Amino acid sequence: MRSNVEEAPDYCAIEFAMEVLGGRWKLAILKNLMSGTHRFGDLRRALPGVTQRMLARQLRELQDDGLVSRTVHREVPPRVEYALTEVGRSLEAIVDDLDAWGRWYRENRPRRDAAAEPEAAGQEVAG
């Protein structure tokens, strides 16, 4: 269970931001909502690895923190839509930068080359 945002330490703004944005799916949810309003099923299809329970939980936390709004349309069957609030929109550049960096890193991350490592080849490491 996540801790209360109000209880996050004052000495580190990164910890405060991570308390709000931490979670495997939150940034992906925000990225999807940047294209506009979506229903729960739309988000679920856009994030095939997320469970229904986890998506609902992450959306609820984003709502509680004021980043996402939830609108229930009184019709049969009920229609529920999620959208970014102004506070959520303020993260657009950050989310886009993280998305770009993630794509770059996926292509350029350092790879462990077992043949290049002396221990893997049975050689002693000079100390």
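1. Gln52, Arg53 and Asp64 are exposed, and they sit on the face turned away from the buried side of the helix. Keep in mind that this is a predicted model.

2. Now the opposite face. The buried residues of helix 4 are Leu55, Gln58, Leu59, Glu61 and Leu62. They lie on the same side of helix 4, because the arc they cover around the axis is only 160°.

3. What does the buried side pack against? The partners of the buried residues of helix 4 are helix 2, helix 3 (40-46), strand 2 (68-73) and strand 3 (79-84).

4. The length of helix 4 checks out. It has 13 residues, so at 1.5 Å a residue it should span 18 Å. The C-alpha atoms at its ends are 18 Å apart, which agrees. After the helix comes Gly66, with a positive phi near 80°.

5. Take the packing of helix 2 (residues 26-33) on helix 4 (residues 52-64). Their axes come within 10 Å and cross at roughly 75°. Helix 2 is therefore roughly perpendicular to helix 4. Helix 2 contributes Lys26, Ile29 and Leu30 to the contact. Helix 4 contributes Leu55, Gln58, Leu59, Glu61 and Leu62. By class, the residues of this contact are 5 nonpolar, 1 polar and 2 charged.

6. Helix 2 also meets helix 1 (residues 13-21). Here the axes come within 9 Å and cross at roughly 70°. These two helices are therefore roughly perpendicular to each other. Glu19, Val20 and Leu21 make the contact from helix 1, and Lys26, Leu27 and Leu30 from helix 2. This contact divides into 4 nonpolar and 2 charged residues, with no polar ones.

7. Lys26 and Leu30 take part in the contact with helix 4. Lys26 and Leu30 also take part in the contact with helix 1.

8. Finally, Leu91. Where is Leu91 placed? It lies in the loop between helix 5 (86-89) and helix 6 (92-108). Is Leu91 buried or exposed? Its relative accessible area is 12%, so Leu91 is buried. Neighbours within four places in sequence aside, Leu91 is in contact with Leu21, Leu30, Met34 and Leu67. Leu91 and Lys31 are 60 residues apart in sequence, yet their C-alpha atoms are 9.4 Å apart in space.

Technical notes:
Residues numbered from 1 in each chain as written. Predicted model: local features only at pLDDT ≥ 70, side-chain atom pairs only at ≥ 80, totals over all residues. Heavy atoms only, no water. Axes fitted to C-alpha atoms, helices over the stretch in contact; angles between N-to-C directions. Helix = DSSP H or I, 4+ residues; strand = E, 2+ residues; numbered from the N terminus. Parallel < 35°, antiparallel > 145°, perpendicular 65-115°, else oblique. Contact = heavy atoms within 4.5 Å. Nonpolar A, V, L, I, M, F, W, Y, C, P; charged D, E, K, R; others polar. Expected span 1.5 Å × (residues − 1). Buried < 20%, exposed > 50% of the residue type's maximum accessible area, 1.4 Å probe, protein only. Arc of directions from axis to C-beta.
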